[in-house]
Structure formats: C-alpha cells, structure tokens
Amino acid sequence: MQTHQIDSSYAVPPPKNLGNIRDNMTILGSMNKILVANRGEIPIRIFRTAHELSMQTVAIFSHEDRLSMHRLKADEAYVIGEKGEFSPVQAYLQIDEIIKIAKEHNVSMIHPGYGFLSENSEFADKVEKNGIAWVGPPASVIDSVGDKVSARILASKCNVPTVPGTPGPIENVEDAQDFVNKHGYPVIIKAAFGGGGRGMRVVREGDDIADAFQRATSEAKAAFGNGTCFIERFLDKPKHIEVQLLADSYGNVVHLFERDCSVQRRHQKVVEIAPAKTLPIEVRDAILTDAVKLAKTANYRNAGTAEFLVDEQNRHYFIEINPRIQVEHTISEEITGVDIVAAQIQIAAGASLAQLGLLQDKITTRGFAIQCRITTEDPAKGFQPDTGRIEVYRSAGGNGVRLDGGNGFVGAVISPHYDSMLVKCSCSGSTYEIARRKMLRSLIEFRIRGVKTNIPFLIALLTNEVFVKGDCWTTFIDDTPSLFEMVHSNNRAQKLLNYLADLAVNGSSIAGQIGAPKLNTDVIIPVLHNEDGSVVDVTQPSSTGWMNIINKEGPEAFAKAVRRYDGCLIMDTTWRDAHQSLLATRVRTADILAIAQTTSHALENAYSLECWGGATFDVAMRFLHEDPWVRLREMKKKCPNIPFQMLLRGANGLGYASLPDNAIDHFVLHAKNNGVDIFRVFDALNDIEQLTVGANAVKKAGGVLEATVCYSGDMLEPGKKYNLEYYLAFVDEIVKRGTHVLGIKDMAGTLKPSAATLLIKSIRNRYPDLPIHVHTHDSAGTGVASMIACAEAGADAIDVATNSMSGMTSQPSMYAFLASVEGNINTGINLRHARELDAYWAQMRLLYSCFEADLKGPDPEVYVHEIPGGQLTNLLFQAQQVGLGAQWAETKKAYREANLLLGDIVKVTPTSKVVGDLAQFMVSNKLTADDVRRLASSLDFPDSVLDFFEGLMGQPYGGFPEPLRTDVLRGKRRKLTVRPGLELEPFDLRIIKNDLVARFGKNISECDIASYNMFPRVYEDFKKMQDTYGDLSVIPTRYFLAPPKYEEEVHITIEKGKTLILKMLAIGDLTEKGTREVYYELNGEMRKVPVLDKKAAVETVTRPKADVHNPNEVGAPMAGVVVEVKVHKGSDVKKGDAVAVLSAMKMEMVISATADGDITDVSVNQGDAVDAGDLLVKIGKIGAKEE
C-alpha cells in the first residue's frame, strides 16, 4: 500500500540534470527539505523515502562520523561543532546546534530517527517554536506517554491492564522493599525514561534489592540524564508484543498490526517477527484495540508503538508507548505495504490518514516478516563490541530480502563510539517458515571480514527448535546457553591471503628451505598403460590388493598368505621414509593424494605402502601445518586396496621418550581405526620390554603386528657385540610376543649382501612359517644387492622407493630391484607401471628441490660411522644450521666416537639423535672422546644425552658405560633400571580432552587427543597456526613455498566446487609501524593485507664473547636460540645450577653455572639467537650484587 499521494495528471518537464529531477516532482510544496538528527542506518532509511517524496535532505555528523555513509547519502551534510568541541555522542545531543544548522540551511522538517533526541520533548518543542515541522508527536504527548510512570496513568484512564507496579516513581530503596512486601518476588526496577535495556534490574528472592536499586538509578541517570525509576512485578517467560500505530493531527488512529519482539538480550531486541506467530486471535484483537484506545486518549500524533507483555496464561499488560519510529518498523512495512516513514513525513506536513489512504479496514497483512539486527559484536565474548576496518563486505539480497544499512562497506572503520549495529536484514515470505529460511539463507550469504559480527549467533538462534516453532519469550536467550554453541564462518579466503602476503613479504618460514622450487609449472599426472597399450582406468581406486585378505580374514590370515606367496613382495617407502631421507620429510599431503589413486593401480600387489608415523607425523604439524590424521584418512580413501604401514617407536609411540602405556594404546587404536593396517614396532635400543608395550597395543587394536629388530653396524665384523647370535636371540623374544610378521630394520644401510644372506637364512631355518620383511637404506650404494640377497635367502618382503626418490640415504631403487629379479623372483609388480608412476615423482623432486640435502652420491663411510639414512640428511642440515657445515667430516668422525662413548648403542630415533647431539656438542666445543670422559662431571650435555643416561629411553644391550654415566648425571638425575613407563601415571584422557576443548573449541576429536599426547607443544603451535591461517594444505605447493609472480593468476580450490582466483598486484612501502600492505585481486575484488616486515625490523646484534679462561663467564656451547633464562641479575647460584636453556634445532641443553657466586650480568633474553661462545651470564663473588 503506497502512502505517497501524487497526482498522476501532473505534467513533469524533462529534467536538465540529475539534480533537478526531484525539484520538478515535489509534492509537499514548500515543506520539501528535511534534516535527520541522527546517524547510522536510520538517516539513510529516511533519506530514501524523502527522495521518493522529491525532498531535499540534510545530514548532520560528528567529527568522528565524517566518513560515515549517512553523510554521503544526503544532499547536504554539516558537521556539529568544531573538532573536539563535543564528544562523539554529545554531538548528536546538541539541540541548539542542530536547530541552528536547520535554520541556516532553510530546513522545513526535522526527523529525529530513534535514540539520541527522538524522545526528548524539549527538542520537539524547540523545533516547532523555531517554525520547523517536527516529524513525531508533539512535546506534550511525549511528556504524557514518554515515561513509564505516565504510561501507567494513561493505561488506568483507558482501563487497560498493566503489570502490578508502583503508581509513580520510587524515591528510595525502602519504597522498593514496601512494594516487594506487598506483591512478592520477582520484581523489576525500571528507568522511567529511555529504554534499550538500560536502567533495568530484575530482583529475585534472595537478591540484594538495595544494590539493584542503586545500579538501576545510576545507570538510568548516566544513560538518559534522569535517574527516576519505578518498580513492578516481573513476569516469567512473557512475550513482548508491540503494536505499530499511526495517528494524524485530526484525532484519527490506525494500527499496522503487531510485532513479536520477544527475542531479546538484556532487554535489547535482537530479532523481531511480524505478525506474532503464536498469539491467539482473541488476544491479538484485544491488544490491537487497547493500543488504538491508548493512542486516541493520549491525543497521539504521528508514528508510535504501544508495547505489551503477554504472560503464559495469554493475559496482556500494557507497558508503554514509544513516541518515535522503532528500529523494527521495517517488518511492519513488509507485511502491510505501508511506508511508515512516508506517512510520518506527510502527517507532519498536515495530511490526514484518509488522504494517505490509511483506513483501518483497508490495512491488511500478507505473510510474515523477520528482522535480524546484524551487529559488530562478538557473541563468544558476551557480545563485546568489536572495532576495526571492514576488509570484506558482501551482503545478501534477492526476493523478499530487505537491507537497511549504515556503514557497511569495504574500508569502513567501525569505531567504539556508537551503537554496534551494522545493518538490519528483513526477510518476508508467505509463511513464517519461508521467512525464517530466507533469513537463514541471507545470514549465510553475508561475508563480513575485519570485524566480528553476531551472525553466527543469529544463525544458531534461527535454527533453534523453539525459534522454529515461534515460541520464544523475553529471556529465551539467557535461558538457552546452547545458542552460544555457534557455527563460525571459517574466513578461509582472508586467512589464506594472510599467509600468502606474509610469504611475499618475509619469505618462507619453513625450516630447511633454501631458495624456491625449481618446478614452476603444473604437475602432470602420468598415465598407466596396459601391455596392449590401452590406458588403465584410474578414475576409481583399484579393488585388487592384499587389503582384501586383511579386511575379510584378519591379521593372522594375512601373515600366512604373505608367507605362502611364491616370490618376494615389495613395500614402497616413497610416501614416508624416502622423502624423509632425501627431502627432510617435507612432501605435502596434496602431492601424495594427487598420485594416490594411480598408485593403487600401479602397485596393487605391493605388500604395503609405508606412509605414516615416524617423523612424518610431527613434521606435518610442525612445518607443513597439516593434520596428519587427515592425511591418513584421505590417502586411505584414494588407495584402499594396498595395506598402509606405519613406524611405531614402541613405548615411545612417535615421540622421543616413554609415554604412559594407556597413551600408546589410545594412539594405536585410533591409528588403526583411521587407516593404518600394519604397525612396524621397534625399540631404539632393542629393549624387548619397551617394544612389548607397542606390540601389545597393536594386537589389542586388531592391527597387523610387525615386531622389528633394529640392525646396527656390520654383524660380520669381528668382535661386534651385535652379532648373529644376538639377533637370533632377539628374534626369539619377538616371536614369543606373538608377532604376525618379523621386521628387520637396517637404519644405516650397513646390512651387506653376505650378512643379509646369513641373517635371513638363519632366521628362516629357525622359523620357517614366520614372514620376514626387511627395511634398509641405500647409503653405501649396496642396497639393491642386499635386498636381492634377502629375497633369495627367503625374505617375504623388502623395501624400495620409486626411482626418482631412491638411492643414497633413501631406499634402493624400485625399478632397479624389479629389473634385477625379473624372471627369477615374482614381485607381482608391473615394471612398466612402476616406470610410468615414477614420472610423477621426478617432478616432485624438482618441486621440493629447495629441501635437497645436496648429497652427491653414496657414502661407503656409513660402515664406519653408522649414521642412519634418515638421520644423515637431517644431521647435515642441523650441522649447517648451528654453524658446523664446514666441519661435516669432523661431525661424522665425532658421531662414531660419540657412539662408542655411549657404549656402541643401537642407533635409530631417538637414540640416533642422542649420538648426533653428542657428536655436534663435541665438534662445537672441540672435545675429543678422552676430553668428554675427563670433563664429564663439569660439562653441560644436551638434554637428550642426559635422558639417555638416566634410562628414559630404556636399557641398552650390555648396560650403560661407567663411570661416564655417573659423571654425566652428577647426581642431578636418577638412574632408572626398569622400563620408564612403569613409573608414569596413566594419562587422564577425559581431562586432556576437556582442556583442549577449553583452549581450542569443541571440535576436539580422539585423534586430536592422540596428537597432543605425542607432541603437546607441536600440537599447540599447529592449532594456533590453523587459527591464524586456516587450512594451508589447499595451497598448491609451489605457492606454499614461494610467492607467485606479480599478476600471475593462482587458483586455490578450498573445497569441492569452490575455487579462489587471486593475483598478487603489488607490495606497498614500509610504514612507520614496520608493516607493508600487500595488494591482491581475489575473485575480482581488491584486497589489501597488512604484514609486519620482519626483515625490516632485524637489527644486527654483535654479542660479547665469553672468556674461555675465566670460569666466571658462562658462554653458549654452540649456536642456537635461548629458550629460557633461569636467572636474573643478583641471583645466587651454585656451580652446576641451571642459568639458561639453549635450543639448536631439535636439541636442547641446560647451561650450568661454572662457579659459585652472584649473577652480575645477564647478556641475553629469551628468544635471542646466539653463536657459539657468546657470553650468556657473568658470575661475581658472593655478595657482588650489593656492591
């Protein structure tokens, strides 16, 4: 229903420009210029209608609002006062200033909007006395209905029911107590002036009524300038129903039906519905009748709202009349078709309701409408207002969607000075359910970035079953904590841009990366061909493979089938150990998944794929910022036919130290449930008690147990303590544990062909039915020969890697092995498919070239130093990081000496790390083996060395070397003689989960708990990284490692059917704050991302060196980062007390005081990078701190 009364016969001359279109169409004569004394969305709403009425519009604004949208939407805009003259809010309360602006610019009408001065009778009176039309009720009416006490008097005159309450204001707390004594609890103390939930306090039995009265009155005075309050009976779970009224100057009043405003938070409306869905017809009619009666009795004029409460017995009580337009007037307009603002303006100009066509019998409703107030508030923090710059603003739209917004645009700065409402979204439909679904769709359609909004809360609200039924009450939000279990927008695009921008400004933060990838083109997925040349269909995974037996018959049947197989199977290590050995374990999940389905066909007869556990687990989180469990599940989906194998470090799980047994059980169970089939379980010292923990966990979980003996050195070397008898005795212990398969783990690649033949034949003769699987590294270049020897001697499976990922510290070449045994030993692998598959990994080698260890060829010295293949690459990298790269030959020599110092131990993670740490420590400090023995009681050894000697890694074969163990521990640590796990309390998994939920949100799974148990700090950092940058696994690898070229179009698929298209356009200059803005085009829209330039903030720090001849100066034993400073200037220390903790890559060491005394100087702080020999602290004589 239109309220604009325009004569259609009026001849409109053609406009000369846009500016005079309205001039030629005015319908209000001389009253054609309106000023809106407000800000935000309501002026814009009023301006739009005014423009439709061919009026000129005037905005006012505070200095702080000078960039606000309402200023730009008006024909004219004027600032209130000089800069700093008024506070941001006070500016809009300056009655005289506003009237002055209106008169200076020939304003004929002033509309107050809502809030600010909209209910101020003094303002209304002064406007009219200055000859300006007031768009609202006259001052006398505002006074008669504008406070709740006057409203109660009015209701009494009209015989309209009100909630029992005081007849007038209460003067003190004694009056309040008298009312409670008469009417009982609960009661509500309300401000007589104003609204919006301020100056209201509910008091229940047992509450402090004096405190409530004091707080209500003080709050009312602060908000409205008047602390007058009254008290009334509080209704539990009432509905808040309000009636939209329009009245002209001739005594005519109509209603535009009712709105249900029950959904409130602290008496502030959140969502409104028109008409009320569950109100009985007779109650509705009674309310509408009473509303009109009240307005007529009050001689009301213009728009207003009569507000009522409806209790659970459907009894209604009048509250008050709001003498202004309401925020939620939009939904009354939607269901009636009446432009309320147009009616307001024309009534102020003298029109009657009849002239506007607003007769009660002509006003009807159609369907339902819902309004949501979208605010810049964070519901998770008690609706705390958020401020900042809007980076992205995409709004909803479409049929039945209406938006009334203010500062909702990209670049808008949301200040803390004003109301937090950003936009009102009103949706209408023929039924309540249609309107609700439309609103839900609209809320989801919004994209607002840069500030928090209440949209997640609104979505939770609209999907709550009570709201779906339309049965809400005024305290519904407070009574329903489940509403705060919100589904938040992931903000994926912006988070990815943040990562890419940081990469562009600061370079890659991934440890070990040198330069950019050499592959700068898209990766090509190879095609497999059948023998006849036809293409193998790989659109679905292969259904042929050894998983069929595991799935149908179980681990025992699988082991028997493997043993019966006529030939030797292969395990491909490309997905784990191969890239660990050659590329620092940096291959990402996406690049494995890209070839996984093709692999399921090419290697369908493989014994297994080694693809998980070991270093891949923590590296995925630590450096690749990926969830290893997601990797496991996704790999299994694409390659379900080949068994997956993981490496499990016995009682250590995946870590470097023992964990409680229940943590191992928990981890293994979920590894099995998520896709691991074969568990290669070993202990770094071949400690059978340690190994048994992992073995038992696998059997309980229902996995295939491959208990493993670690092979160390050359067993044929005369005098070697790890000889054939040793290995056979250890295999006997493994067999007693009920293993399904025997694993032999040759970590360093020192298993020579002749030794392989002897070892495998000896085991086969003793255990003819036991499947044997052999793992090796090709460090010495003899790997293929050794694996052939194993296969010929009776091994059932051996390890290889695809050609491009094989050799040196990796596994032997798959193709070389297959070609060598072709015609003699059946592997079931198609040579052509293996070769075609390798074309993919040749590209991967280029893509990950920035992680190459730069090894030139085999290292036969491995027979001397015995460095495991996986460690050799990492050790070289670590040596370079701590400044020992030029001393690599010395490091390898020191590794052998360190091993002998430790008692010639089995070397595999974590014991290999102990040897490596000790070797680097020796080279860095120029120590020989004799020096270590002689100075052991005064040296600060790396933590891993101390852990080993304490016994935290188990008991080495032959025992610990003495007196070195005693000297190293110096009485500071105990000497364990039993399995470490026996002294550990079981993890309380429930408490751990609750803690993780509290810190990282409710979506914590059992897999998250398992990750945390293995690597707590790594997991925490990973979750923080996820929160900052989102799911980085979706970024193509070459852009994950290096930024794209300017203007290069990059496609990032964030989920099926949803792709981001972006270009990097420019990087801005350095700001005073040390940041740069990186400019992107994202899906055609400009985005800019501020990034701290870490390089610009770097200062070159030259640190003093410690005097090695002065025992009172403590220096850094090697290059690293100060993890913790344990003393401060003035601290008393004894010789041997910890003064700092230093970290170099994965090695940590406690630095001890070299003398008794007081700390006179601390030269470093936590986080400082130091070089070997840098001064850490100075120690003075006792009492020096007082000098």
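**Ground rules.** I count residues from 1 along each chain as its sequence is written, and because the model is predicted, local features need pLDDT of at least 70, side-chain atom pairs count only at pLDDT 80 or more, and totals for chains, interfaces and linings use all residues. Side-chain values use heavy atoms, with hydrogens and water left out.

**Sheet.** I took helices (H or I, at least four residues) and strands (E, at least two) as DSSP runs, numbered from the N terminus. Two strands count as paired if DSSP finds at least two bridges between them. I looked up an open sheet of five strands, and the order reads S3-S2-S1-S4-S5 with parallel pairing. Its edge strands are S3 (76-79) and S5 (133-134), each pairing on one side only. S4 (residues 109-111) pairs with S5 in the parallel sense over two bridges. Which residue of S5 does Ile 110 face? I found Trp 134 opposite Ile 110.

I then checked helix H11 (residues 340-348), which packs on the sheet and touches S1 (33-36), S4 and S5. Contact here is heavy atoms within 4.5 Å. The direction of H11 makes about 145 degrees with that of S4; axes are lines fitted to C-alpha atoms, for helices over the stretch in contact, and angles run from 0 to 180 degrees between N-to-C directions.

**Annotated site.** An unreviewed UniProt entry puts the feature "binding site" at Asp 577, Lys 745, His 775 and His 777. UniProt positions follow the numbering used here, feature names are shortened, and annotations may be inferred rather than shown by experiment. These residues are spread over 201 residues of sequence, yet cluster in space, with 12.1 Å as the largest C-alpha distance.

Asp 577 sits in helix H19 (residues 574-583). Is Asp 577 buried or exposed? I get 2% relative accessibility, so Asp 577 counts as buried (buried is under 20% relative accessible area, exposed over 50%, partly exposed in between; 1.4 Å probe, protein chains only). Leaving out residues up to four places away in sequence, Asp 577 touches Glu 610, His 775, His 777 and Gln 811.

Lys 745 is in strand S28 (residues 741-746), and is buried too, at a relative accessible area of 4%.
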